[in-house]
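Thanks, everyone. I'll be quick.

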Amino acid sequence: MRRALAVLAMLVAGMAAPAAEGACRLNGASISNPDDPSCRDAMFRYVESATTSNDEVTLGYPVPLPLDSLTPVDGFRTYESLKARHQELAVMLDTVEAVPVGQSGMGETIVAYRMGDSDRTTPLGDPEPAVLVNGTIHAREWQSPEVVTGLMEMLALRSADGGIGQYLSDNLNVVILPILNIDGFRQTQRYPERFSADPDQPRDGRMRRKNMRYDGGLVDTDLDNTADNFQGVDLNRNNEHGYGQNNSSSTDPVSLINRGPAIASEPEILALQAAAALAPAGQLRLYVDVHSFSQIYFAPLTGNSRRDELTVQLMQRMRAVTNFKYRDGRSTASGTGNDAIGTTADYFAYEYQVPSWTLELEPLNGGQDYGGTASHGHSGFILPDSEIARVRDEQAQTHLLGFYRQAGPPNVVAVEVRAASDGQVVYRAEWTGNGGRRSLQVSTNMALLPGAQYRLWIAFSKPMRWRDENGEMQPFAGQTVGADSGSARLEFPGQNVASLPLRIDRAAVWNMAPGGAPDGYHRYADDSLSVDFTLPANVAERSAQPVMLVLDNADLSGQKLDADPVTPVSWTNGHWSGFENELGEEGDIGGLDCSISFFAATDANANPPADSPSCKPAAPTSTGGGGGGALLWLLPMLAGFSFVSARPRRAT
Amino acid sequence: MVLLALSAFALVSPAATYAATAGPMPRAQALQLARDGVSDEVIRELKTLATRGDSTALAARIEILLSDASLEPAARERALETGTFLLGALPPERKARQVLRQISQLEPQTWVWLEEGGHRVSVPLYDPAAAARVSERAWLAREAEARFSNKLGTTAPELVDDLARASLAERSGVISAIAHAPAAQLLHSKPSILAALDQGVAVGWYAAEVAARTYDSELALAAIEHAEPREALDMLDALGDRLAPGDILPLLLHSLRSPALASHSLFVLARLAPVSPAALSQIWQELENEENGGSAAAALARLSSPEAAMRAAAVTVDPDRDDALRRRALLALCLDNGDAAQRHLQLLTQSLGDSSLGQKASQCAGR
């Protein structure tokens, strides 16, 4: 418990000589005198408090030691515990599949985990999109395996929550590779308090960054056998796209950023590519490589403007979850596509044109952020035990939002109208599909009577609102969409009747219990709403007339509706496809949904009108590419609506 | 006299006058600036003053450094950080406190690239202010150690209140005092600590520390109940290596009922299992527990014994057993790299076929 106190009793006894300094001659990320025994053989030890020894480096907080525990603790788990935890999830849950994707230099099986239901299609019949998260590419960054394991635990815990977790399980393949650089990570855990060879550029033991391979051989695990302590390949410089470019890696085997002998020469990188194939790679919509430290998202910009913009938007939404304490580190050569350096984030950004970044976790500056010391600028690799649980939780929440957003924009999936008087269903329609274009299946379409009261039930493709642990509706952390968001109205095209606003901007309309229409949710908690209305008495006075439902809503990450559910949204060449606004224009923003219309008539047995209304103007009037101008159609529509599609519907 | 004059100047020169450097620089360049001959000389001087134990003189010399424009900022920060640590080892006299307070307001000046290639993000090479805060807490800890060393183990009524009020820094001092106190003396205060814990007073950390020092089971049980989970885990770890199986077992059984402690406790049980049939039996019992079963499987795998593998395989294939239990038994085989477990796993992939459990067995065998 000394360590848990997170405070030092430094210098309690004896005189200090706290400035441990090494004898290595640094040359950028390399060392000029690697064979000099005064450099090569020097060993240091992290300590909580300074002592009289010159070979100790003061952290200012207890030195974290890995602990055996499958469940999360206030601290860092051993490799064996983490591995057991991953496998526990895989064996116990049918929503977690363990897949061997490679073998490390030392013969350890590298395992990726595919999280989600066993089919590869969404409930609407579309191919499931995917995200890929990689952990522990740099051995010393212990925050990474804990955070990535935290994501797995969060997804597993939520996989049957009836809400957002279940939505992700049903609609998204989450591929997680929690520990890529197993050999390096194990080496750091063998020596949790020791490192070689210079405090100003620490290398082996607790501070190993690279893998354990070199020149066809393996670094031995004995830290005190120093001949090969500088060797290894920086796996985050071993990738296609930027390999060997931009002066950011080295051929020098003792360099911290040694890129290896060839692109993807390392088994770990091949394993990562195999993990991507589980998605499968063509379905990827996000790649995150989790590192520490410096609290920043390093996002390559490839020059594909729509991909780059969507990357920045997603990054902003996710950064907002932790109140922007993580920095925006998008690459500076925006639009040129020339600043790749061979990282895995570069690889996925350029190769698959998906949002992709290197996430550097806490701390911002180093151990001093938690009351410790700067320790030559390296203490940030050693997060205090007392901080990691919070970081895990914050990142689980952050990625929950990111995954949810990249699973796709929302769309209307079903609508039902019931008469308040007797509960009779007068309108029921559902969008159905089988991987291609969807169609609206209208199972009931009876006349709504002027002056009568109805209950309207609208279901969306995903949970649209967030609730706190008390069940109170709140915006998701850092987001703005909450109970008071969204609008809906009924329009009466071709009639001189004012539109009827529907009060959906309140928590009470959202359904958090199962049961479907009229008062339960469709598939997930808060994926549907129920609102009452009274049809104006002056509609359809002479003949059956359409009543168009106009919905303006956004999911809890602020992503607007796909206005045309006919074309399922997918991801192509760095942007959304099939994501239309109310004018039918494809883009990345979405818009108002006007896809549902029922009809009104004074005669309950009347047939529906021949034509269905739409938001689309009769003739194209906009050349915008990606939404916007959403309200321009309203004036002509109210004055005299043009019907653009004819789809006779009959009550069943 | 010159020293005093310089000190006076420093007093009216706020830390903010400390000149800022240019932007981040390569680490090697910063180190070259920091380790010039002048700063080496200054550091030697500081160490000499520290060796004499003259806190006030050392503080005065450090104060001069604060506004010494002749030093490169990196060199000055290096010297300040060293001096700050040295000062923290000496008695906290008025001048020393004053200087550390000044230093604790400084912003880092020397920023270096965290990675020399690629991602351009910088971190401070030195942070004298952070070092000052560490030293100030070290003073607090030493003061607390001195203050408590005579009180620990007494029945003084104010002891419990003082412990409950102790800051984290002071707790460090108390822990240091516990380490040096005779075990028998520490137990004098046991009744009052137990009573306080029952009343919800936050001295669980103290109970855990004393239990680890004295091996007192009653205090250890109380710590399991009342200490922060990590404090209790560290205590169990320490006691697991020191107590006889018969003594540690009741503590572990108790901790198995705590979600935060159970998993680690099962690993401690696995350490005992080769010599304690009761420990082994408990692990098997926990395999049936929905909350602890996964950890029990991992504990069994750690034993890597043919007997355990055979029993786990038998549970896995038994269709009359609960599906979750069968999966946990399978997990025990999955995690066990021993030959026996792997053999059973291969057989299971055949016997379980394409069932859900069989698929999981295949995934394990594939690893």
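I'll go through a sheet, then some rings and charges, then a loop residue and the cores.

First, a reminder. This is a predicted model.

Start with chain A and its open sheet. Eight strands make it up, with mixed pairing. The order reads β5-β6-β8-β7-β12-β15-β13-β14. Which strands sit at the edges? They are β5, residues 96-103, and β14, residues 327-328, both of chain A. Each of them pairs on one side only.

Take the β5 end. β5(A) runs antiparallel to β6(A), residues 109-115, and seven bridges join the two. Within that pairing, E97(A) has R114(A) of β6(A) as its bridge partner. The two strands form a hairpin, with five residues between them. Look at G107(A) in the turn: its phi is positive, about 90°.

β12(A) covers residues 284-292, and β15(A) covers residues 356-361. These two are parallel, with six bridges. Y287(A) stands opposite S356(A) of β15(A). Keep Y287(A) in mind; we come back to that residue.

What packs on this sheet? Helix α9 of chain A does, residues 385-406. It touches β7, β8, β12, β13 and β15 of chain A. The direction of α9 makes about 165° with that of β12(A).

Next, the rings. Over all chains there are 21 aromatic pairs. A pair is described by the distance of the ring centres and the angle of the planes. One of the pairs is Y287(A) with F348(A). The centres are 4.1 Å apart and the planes 20° apart, so the pair counts as stacked, with a cut-off of under 30 degrees. This pair links distant parts of the chain: Y287(A) is in β12, F348(A) is in helix α8, residues 344-352, and 61 residues separate them.

Buried or exposed, for Y287(A)? Buried, with a relative accessible area of 0%. F348(A) is also buried, at 0%. F348(A) has another ring partner, Y347(A). There the centres are 5.0 Å apart and the planes stand at 85°, so that pair is edge-to-face. Y347(A) is buried too, at 7%.

There is also an aromatic cluster in chain A. F76(A), Y79(A), W142(A) and F185(A) form it.

Two charges sit over rings. The charged end of K462(A) is over the ring of Y404(A), 3.9 Å from the centre. The charged end of R259(A) is over the ring of Y243(A), 5.7 Å from the centre.

Now a loop residue. Where is Q231(A)? It lies in the loop between β11, residues 217-218, and α6, residues 267-277, of chain A. The relative accessible area of Q231(A) is 13%, so this residue counts as buried. Leaving aside neighbours within four places in sequence, its contacts include R208(A), K210(A), Y214(A) and P253(A).

Last, the cores. In soluble globular proteins, nonpolar side chains tend to be buried together. The largest nonpolar core here has 87 residues. Among those with the most contacts inside it are L152(B), I193(B), Y206(B) and M235(B). A second, separate core has 86 residues.

Definitions and conventions
Residues are numbered from 1 along each chain as its sequence is written. Chains are lettered from A and ligands numbered from 1 in the order in which they are written. This is a predicted model: local features need pLDDT of at least 70, side-chain atom pairs count only at pLDDT 80 or more; totals for chains, interfaces and linings use all residues. Side-chain values use heavy atoms; hydrogens and water are left out. Two strands pair if DSSP finds at least two bridges between them. Helices (H or I, at least four residues) and strands (E, at least two) are DSSP runs, numbered from the N terminus. Contact means heavy atoms within 4.5 Å. Axes are lines fitted to C-alpha atoms, for helices over the stretch in contact, and angles run from 0 to 180 degrees between N-to-C directions. Buried means under 20% relative accessible area, exposed over 50%, partly exposed in between (1.4 Å probe, protein chains only). Rings of Phe, Tyr and Trp (its six-membered ring) pair if their centres lie within 6.5 Å; planes under 30 degrees apart count as stacked, over 60 as edge-to-face and the rest as tilted. A charge sits over a ring if NZ of Lys or CZ of Arg is within 6 Å of the ring centre and within 35 degrees of the ring normal. A nonpolar core is a set of buried Ala, Val, Leu, Ile, Met, Phe, Trp, Tyr and Cys residues joined through side-chain atoms within 4.5 Å.
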